[in-house]
Amino acid sequence: MSAGMNRSQGLSSLKRKQPDSKSPIESLTEHERILYNLIRSKQDMAIWTRDMKRETNIPDNVLNKSLKSLQAKKLIKEVVTIQNKGRKHYIATEFEPSKEITGGAWYVEGSLDTEFINFLKKHCVKIIYEQKIVTLEEILDTIRRSRAFNVEFTTQQIEEIVNALVLDNEILEVKSTGMGEFNSIPIGKVCYRCASKAGLKAEPKIGAMASIPCGVCPQISLCTPDGIISPTTCVYYTKWLDF
């Protein structure tokens, strides 16, 4: 009988605890539910508090209290946008903010992360210096295998960094001739090399020979090592090598 009473007491205790087992969404007030549904409908684009007020007509004090409650229940989170860092924007916790509003990997809390960008630039230059001639895909693959960064870069992001290095005259953009150091790279493929043997910033070359002539050659698609049009017989390519 004692065991039966204990079992009965246990069931009674479970019934009393059931209200506490509700999910955060089930315990929302009317205003909280309206705000949560509105924020969630914006998905990864977030929404400004003033726009919330305009769309819901909820008074400021109620709106602010409801937002704090939703945050405490971990249903929404505040995000910083690069366009309006002083304005409070919110997003449902099930979404990650779009790079359109956060700036992507190059931004932290709405500000350009110059230290991170400079570190990545130096890492790319090091890769190019060590591999002599390298394609964009090879740079990205080397970065991923090195695990030097805890973020996953896209080809476009690395291309942005490499293009910045070209503009800074730290590396050169060239096109493969399929000969010599380019023998493992398809003819015409864009690749990169350091601007100087030391892999450091060099003064830009002046004149028509500043970049490999193959890059602007209208016959590059017909150029082959043993063909009529060939790097071995090209006067312009020979001059470029001697420049």
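Here is a short chat about the aromatic rings in this predicted model.

Me: How many aromatic pairs does a search of the whole structure find?
Reply: Happy to start there. Ring centres must lie within 6.5 Å to count as a pair. With the whole structure searched, the number of aromatic pairs is four.

Me: Are the rings of Phe116 and Phe149 stacked or edge-to-face?
Reply: Let's look at the angle. The ring centres are 5.9 Å apart and the planes stand at 90°. Planes over 60 degrees apart fall in one class, so the Phe116 and Phe149 pair is edge-to-face.

Me: How many residues apart are Phe116 and Phe149?
Reply: Phe116 sits in helix 6, which covers residues 114–131. Phe149 is in the loop between helix 7 and helix 8. This pair therefore links distant parts of the chain, with a separation of 33 residues.

Me: Is Phe149 buried or exposed?
Reply: The cut-off for buried is under 20% relative accessible area. Phe149 has 12% relative accessibility, so Phe149 counts as buried.

Me: What is the angle between the ring planes of Phe119 and Phe149?
Reply: Good one to check next. The centres of these two rings are 5.4 Å apart. The pair is edge-to-face because the planes of Phe119 and Phe149 meet at 65°.

Me: Which ring does the charged end of Arg87 sit over?
Reply: Here a charge meets a ring. The charged end of Arg87 is 3.9 Å from the ring centre, and the ring belongs to Trp48.

Definitions and conventions
Residues are numbered from 1 along each chain as its sequence is written. This is a predicted model: local features need pLDDT of at least 70, side-chain atom pairs count only at pLDDT 80 or more; totals for chains, interfaces and linings use all residues. Side-chain values use heavy atoms; hydrogens and water are left out. Rings of Phe, Tyr and Trp (its six-membered ring) pair if their centres lie within 6.5 Å; planes under 30 degrees apart count as stacked, over 60 as edge-to-face and the rest as tilted. Helices (H or I, at least four residues) and strands (E, at least two) are DSSP runs, numbered from the N terminus. Buried means under 20% relative accessible area, exposed over 50%, partly exposed in between (1.4 Å probe, protein chains only). A charge sits over a ring if NZ of Lys or CZ of Arg is within 6 Å of the ring centre and within 35 degrees of the ring normal.
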